[in-house]
Amino acid sequence: MNVNPDEPRLLLVRGDITEQHVDAIVNAANSRLAGGGGVDGAIHRRGGPTIMQETRRRFPDGCPTGSAVLTGGGQLPAKYVIHAVGPVWSGGDQGEPALLANAYRRALELAAEHDCYSLAVPALSTGAYGYPLTAAARVTIATLADFLADHPLPHTVRLVLRDDAALETFRQALSDLSGTVPPS
Ligand code: AR6
């Protein structure tokens, strides 16, 4: 492992997660691992059929909400895809924050177990699953920062946001947490 202490460990970027050149990317999956739209659709389109073949073979029962499983990355630049299942937003009193945090934590644990130096993650649950962006950003940033503080791997986590509004919301959450303005 080649750890550069000067490199920031949590980066916020605007872009398409399927284009990230990292060791692993996280998919915003559903508990049946059945594919779908958004991040999931983009990953299976770009990664090709081997990813779905592997999920069907190795995880026929799917993956519970708040957890994650790992497969190969098919034709993606990333070596692995970590399929994480965030919660559907149901008003906020159905354990959504803990489930969202658990989905990220399990994804990061799997990345560490597979020696991933760099990981790209999307804003789980904030699309089809309807989690309000500001609330999701708070949980997401706090969970990622806590995990990084306690673990050497993954060294770098790139949080990939689809548009400027999402990027700004997550930047605000990071600055609220750290008390500083993160570098662009
Ligand atoms: N790269 C980065 N972010 C993206 C991309 C992309 N290519 N495409 C969308 N986003 P979603 P969820 C953003 O719906 O809410 C699927 O059908 C998007 O703007 O992908 O966890 C699955 O099969 C949003 O902010 O995931 C599940 O059934 C965020 O990624 C369900 O949707 C997450 O949006 C999961 O819903």
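Which polar atom of glycine 35 is 3.4 Å from an oxygen atom of the ligand? It is a polar backbone atom.

## Basis of the model

The model is predicted: local features need pLDDT of at least 70, side-chain atom pairs count only at pLDDT 80 or more, and totals for chains, interfaces and linings use all residues. Residues are numbered from 1 along each chain as its sequence is written, and side-chain values use heavy atoms, with hydrogens and water left out.

## Ligand contacts

The protein buries 86% of the 710 Å² that the ligand exposes when taken alone (accessible areas by the Shrake-Rupley method with a 1.4 Å probe; for residues, only the protein chains shown count as cover).

The shell around the ligand has 19 residues, of which Val39, Asp40, Ser125, Thr126 and Gly127 come nearest (a residue is near if one of its heavy atoms lies within 4 Å). Helix α1 (residues 38-47) supplies three of them, the largest share; helices (H or I, at least four residues) and strands (E, at least two) are DSSP runs, numbered from the N terminus. By class, the shell comprises seven nonpolar, nine polar and three charged residues (Ala, Val, Leu, Ile, Met, Phe, Trp, Tyr, Cys and Pro are nonpolar, Asp, Glu, Lys and Arg charged, and the others, Gly among them, polar).

## The largest pocket

The ligand takes up the space of the largest pocket (on a 1 Å grid over the protein atoms alone, an open set of points where a 1.4 Å probe fits, with protein on both sides within 12 Å along at least five of seven lines; lining residues have an atom within 4 Å of a point). A molecule sits in a pocket if more than half of its atoms lie within 2 Å of its grid points.

The lining consists of 28 residues, with Ala28, Gly38, Val39, Ala123 and Gly127 nearest the centre. The lining has 15 nonpolar, nine polar and four charged residues.

## Backbone features

The peptide bond from leucine 153 to proline 154 is cis, with omega near -5°. Proline 154 belongs to the loop between α4 (133-150) and β6.

Aspartate 115, a residue other than glycine, has a positive phi near 60°. Aspartate 115 is placed in the loop between α3 (96-113) and β5 (118-121).

Technical notes. A polar contact is a pair of N or O atoms within 3.5 Å; within protein, one must be able to donate a hydrogen and the other to accept it, and residues adjacent in sequence count only if both atoms are side-chain atoms.
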